[in-house]
Amino acid sequence: MSNENKKKGFFLTRWFKRWFGPRQEMSALEEEQLQSPIRTIIKNFTGKKLSMFGLIGFLAVFLLVLIAPNYLEMDLGYQDSTLSNIPPTMNMMKVPSELKGNVKKISPGTTFAIGVDNDGEVYSWGYTNVAGGEMAHIPEEVQNAHIVDIAAGYDHAVALDDQGELYVWGNTRLQQDMFSPEMRQAMMKGGDAWNIVQLEASNQFSAVVTADGNLYLWGNGNMADIKVRKSYQGRIKKVALTGFAYVVLLDDGTVAYAGYKDKDSVLAKLPAALEGKKVVDIAATSQNAAAVTEDGQVVVWGNTTKGEKDVPELSSKPIDIYGGRYHYTVLCENGDVFAWGDNTHGQSEIPASVNAGGDIVNVYAGFFQNYAITSTGDIKTWGLRGYLCGTDDLGRDILTRIVHGGLVTMTVGALAVLISTVIGIVLGGLAGYFGGAIDMVVMRIAEVVGGLPFIPFAMILSAVLGSRVDTTQRMYIIMVVLGVLSWPSICRLVRAQILAEREKEFVTAAKAMGVKEGVIVFKHILPNVISILLVSMTLDFATCMLTESTLSYLGFGIPLPTPTWGNMLTGANNSIIIQQYWWRWVFPAAICGFCTICINLIGDGLRDAIDPKSAER
């Protein structure tokens, strides 16, 4: 082997031992000679458990607010009263084990669902505490009866037993359980006059269709059109309820609006696509209706603001259609399921497992949930499962608003610190290095600015600006005001450090070499005080975040609906919310407090790591 190859082999062996071999113990003197200031600071910082806890906690929150908004989309104009003030829960589609393989029917409500098995037993699940009632409290007479059909509305449920008896529970304060005189007469007649073939429930009203083609509606008639024109009675095969009206499928295959408010309703204006065609099924969402024609066409009409008209290309002819609050679901001849419309809660995004086997025999859809039953009795679900952190008074997801609000709050804090640091470094550097009159002027200005009460000043500025600026401009103004009024402390710190550094030998040497004064200040002296500045910036970051949150909480910061951690707490400043809707203030306050504590722990850890005498104290 040549000498050159021997040298290469020796080099590779030594390199391997250096990287992967056991570490050679060095004396304290040898290690001190090899240790750089940066490595010393890192070692001191990582050696403190609280500092590392703060760093990991802050990075976790930072990554959450940085990455999560890409997956948790937020619509600033979104609100839904049916989802307001829901506590943290993820069990809205947790079907009871007794129903699996034994489902007769499932009817989804707003945040709950009810189901009946083949043995006539009724079950409820999800968030069952609706306005005016508790859906989990199934009446004893319902439990003792043999139920054959059920229907869930916005705030109540209806059940039908095998004797033709109707039961209503939940919110019954608005006549949801008050049957009309015509219904009572039909009950007394019996036979086909009270042989119910369809049972439906909607927003404070319900409906039944009997075998003789009659439709009966009951409930709160002040809000909904619950009257039926006599010319349609005896011809009705099916009814589809919207939030405040209904359409019917007649025995000749046509669709009609059978109520008395047809002049004011967009549902009464049937689309031209239905002319001359026979309809086989109908369904409705909150504000529109849909029909499936005999040739497999799906036609939607009414107020379609959530994409309900965007019918996808179907793999085969649809046979059944179902309506949720803002979406439609269809079951095709080949067993495939399709959905479209609003997908805020995943109700229109069908999992691949649903259509994997093509064995779906029935679908139950409503509001924000979907349940598909396979030929073997398995239940596949998709849609709104719940909210990890609950919702606010407008039905908005607290977690989504925390994530997006954190991004705004942290951005305001970071840029405000950057502005104040730049101003403080420039003015502090000039005052500390040149002294004399410059020092006197800068320090007097710093005292004046430092004496300004920031929060009252910002409140006055906000009141003066009023609605003349939009949310983005207001955010920039808050950042600038925070930065412009927060620089005096950094200025004093930089000035004091430069006063100590400017008399050292390296500064004298730089002057002797003819280096310009500005270069000496900002290139030679400033790097020696940058470590202390990092500590100050870290602590000021937490202070600016709290100040922005305080302003938003007081109503003088970034206005709603743009979320920040501060304005999310604005609506929680009354005893009712604090006692009954704890999740609306606990989660925003917790993450804001946690983030601030973590930043302070990082600042304290950096201060102790940079100060070589901190270990002796």
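## Two packed helices

A crossing of two helices is called left-handed if the near helix is turned anticlockwise from the far one by less than a right angle, and right-handed if clockwise. In this predicted model, helix 7 and helix 8 cross in the left-handed sense. Local features here need pLDDT of at least 70 and side-chain atom pairs count only at pLDDT 80 or more, while totals for chains, interfaces and linings use all residues. Residues are numbered from 1 along each chain as its sequence is written, and side-chain values use heavy atoms, with hydrogens and water left out.

Helix 7 covers residues 398–434 and helix 8 covers residues 436–450; their axes lie 7 Å apart at an angle of about 145°. Axes are lines fitted to C-alpha atoms, for helices over the stretch in contact, and angles run from 0 to 180 degrees between N-to-C directions. Helices (H or I, at least four residues) and strands (E, at least two) are DSSP runs, numbered from the N terminus. On the side of helix 7, L427, L430, A431 and F434 make contact with G436, I438, D439, V442 and M443 of helix 8, where contact means heavy atoms within 4.5 Å. Seven of these residues are nonpolar, one is polar and one is charged; Ala, Val, Leu, Ile, Met, Phe, Trp, Tyr, Cys and Pro count as nonpolar, Asp, Glu, Lys and Arg as charged, and the others, Gly among them, as polar.

## Length and ends of helix 7

From its first C-alpha to its last, the 37 residues of helix 7 reach 53 Å, close to the 54 Å expected at 1.5 Å a residue. The expected span is 1.5 Å times one less than the number of residues.

At the start of helix 7, the backbone nitrogen of L399 has a side-chain oxygen of D397 within 3.3 Å. After helix 7 comes G435, with a positive phi near 60°.

Strands in the order 6-7-8 form an open sheet with antiparallel pairing; two strands pair if DSSP finds at least two bridges between them. Strand 6 (147–152) and strand 8 (166–170) are the edges, each with a single partner strand, so one side of each has no neighbour in the sheet. Strand 6 is joined to strand 7 (residues 156–161) by five bridges, and I150 has A159 in strand 7 as its bridge partner.

## A hairpin

Strand 22 and strand 23 form a hairpin with four residues between them, and G377 in the turn has a positive phi of about 95°. Within this pair, I373 stands opposite I379 in strand 23.

Terms used. Polar contact = N/O pair within 3.5 Å; in protein donor to acceptor, adjacent residues only side chain to side chain.
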